[in-house]
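This report goes through one protein chain, from single residues to the overall fold. Please look at the sequence and the structure before reading on.

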Amino acid sequence: MAETVNIPSQASKAEKYQAILPQIEALISSETDVYANLANVAAVLKEAFGFFWVGFYLVKGEQLVLGPFQGPLACTRIAFGKGVCGTAWKEAKTQLVPDVDAFPGHIACSSASKSEIVVPGFKEGKVWIVLDVDSDLLDDFDQDDVTYLEKLMKLLDINV
């Protein structure tokens, strides 16, 4: 398969998600390596939206461990229930944070990060991974991001 994704440049956020989700599904359904799939998904999201940081943390014991990502250096390990990622894992639900400085216990991997969304992925009813997306703009994420990134994580849960 060609490693290209068609990303409409003059489209709304929702239209971009609608365009890339089927392409991501096709891309990951033909590859069996989880890290290859996660790396490509992070790259597609970064390219499509220009997010400051996009990546995955995988559950390993009582910590989240950094997986494939696109962007500047990141925190390597995050404890259960700590920061936005650890909270998404603990609560098993998406965290939409318009201002990271206002989030109690936020872990500042980069001072340039201003807003964040973290979406958990599930295997056999348990969180096995979280998708972390950061913006260098305040209040950069909305319900469209929640809706489509949750759909994306369901694709990953099925295909990796």
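N37 belongs to helix α2, which covers residues 34-49. Between the C-alpha atoms of N37 and V5 the separation is 14 Å, and these two residues are 32 residues apart along the chain. The model behind these values is predicted, like every other value in this report.

## Overall fold

The protein contains four helices and six strands. Read from the N terminus, their order is α-α-β-β-β-α-β-β-β-α.

A compact globule of 160 residues would have a radius of gyration near 15 Å, and the protein agrees with this because its own value is 15 Å. The C-alpha trace spans about 40 × 35 × 25 Å along the principal axes. Buried residues make up 45% of the 160 residues.

How many of the ten residues of strand β6 are buried? Nine of the ten are buried, so the strand, residues 126-135, is largely enclosed by the rest of the structure.

Strand β1, residues 53-60, runs antiparallel to β6, and six bridges join the two.

## Two residues with positive phi

Most residues other than glycine have a negative phi. E124 has a positive phi, near 50 degrees, and is not a glycine. The hairpin of β5 and β6 has two residues between its strands, and E124 takes its positive phi in this hairpin. E124 is therefore a loop residue between β5 and β6, and its relative accessible area of 83% makes E124 exposed.

D139 also has a phi near 50 degrees, again a positive value in a residue other than glycine. D139 sits in the loop between β6 and α4. The relative accessible area of D139 is 55%, so D139 is exposed.

## Salt bridges around K13

Side chains of opposite charge can pair when their charged atoms come close. The structure holds two salt bridges. K13 forms one with D142, with 3.5 Å between the closest N and O atoms. K13 is in helix α1, residues 13-29, and D142 is in the loop between β6 and α4, so this pair ties together parts that lie 129 residues apart in sequence. K13 also meets D145 in a salt bridge, with an N to O distance of 2.6 Å. This pair links distant parts of the chain, since K13 is in helix α1 and D145 in helix α4, 132 residues apart. K13, D142 and D145 are linked in a network of salt bridges.

Are these residues buried or exposed? D145 is buried, because its relative accessible area is 0%. K13 has 22% relative accessibility, so K13 counts as partly exposed. D142, at 33% relative accessibility, counts as partly exposed as well.

## The cavity

Rolling a probe the size of a water molecule over the atoms shows where empty space is left. The structure holds one cavity of 30 Å³ or more. About 190 Å³ of space lies in the largest cavity. Its lining has 21 residues, and those closest to the centre are I107, C109, E116, D132 and D134.

Which elements each supply at least two residues of this lining? They are β1, α3 (83-91) and β6. Helix α3 gives the most, with four residues. By type, the lining residues of the largest cavity divide into twelve nonpolar, five polar and four charged.

## Summary

Strand β6 is largely enclosed, because nine of its ten residues are buried. K13 ties into a salt bridge network with D142 and D145.

Terms used. Residues numbered from 1 in each chain as written. Predicted model: local features only at pLDDT ≥ 70, side-chain atom pairs only at ≥ 80, totals over all residues. Heavy atoms only, no water. Buried < 20%, exposed > 50% of the residue type's maximum accessible area, 1.4 Å probe, protein only. Pairing = 2+ DSSP bridges. Salt bridge = Lys/Arg side-chain N within 4 Å of Asp/Glu carboxyl O. 1 Å grid on protein atoms, 1.4 Å probe; cavity = no way out; pocket = protein on both sides within 12 Å on 5 of 7 lines; lining within 4 Å. Points joined across faces, edges and corners; volume = space filled by probe spheres on them. Nonpolar A, V, L, I, M, F, W, Y, C, P; charged D, E, K, R; others polar. Rg over C-alpha atoms; globule rule 2.2 N^0.38 Å.
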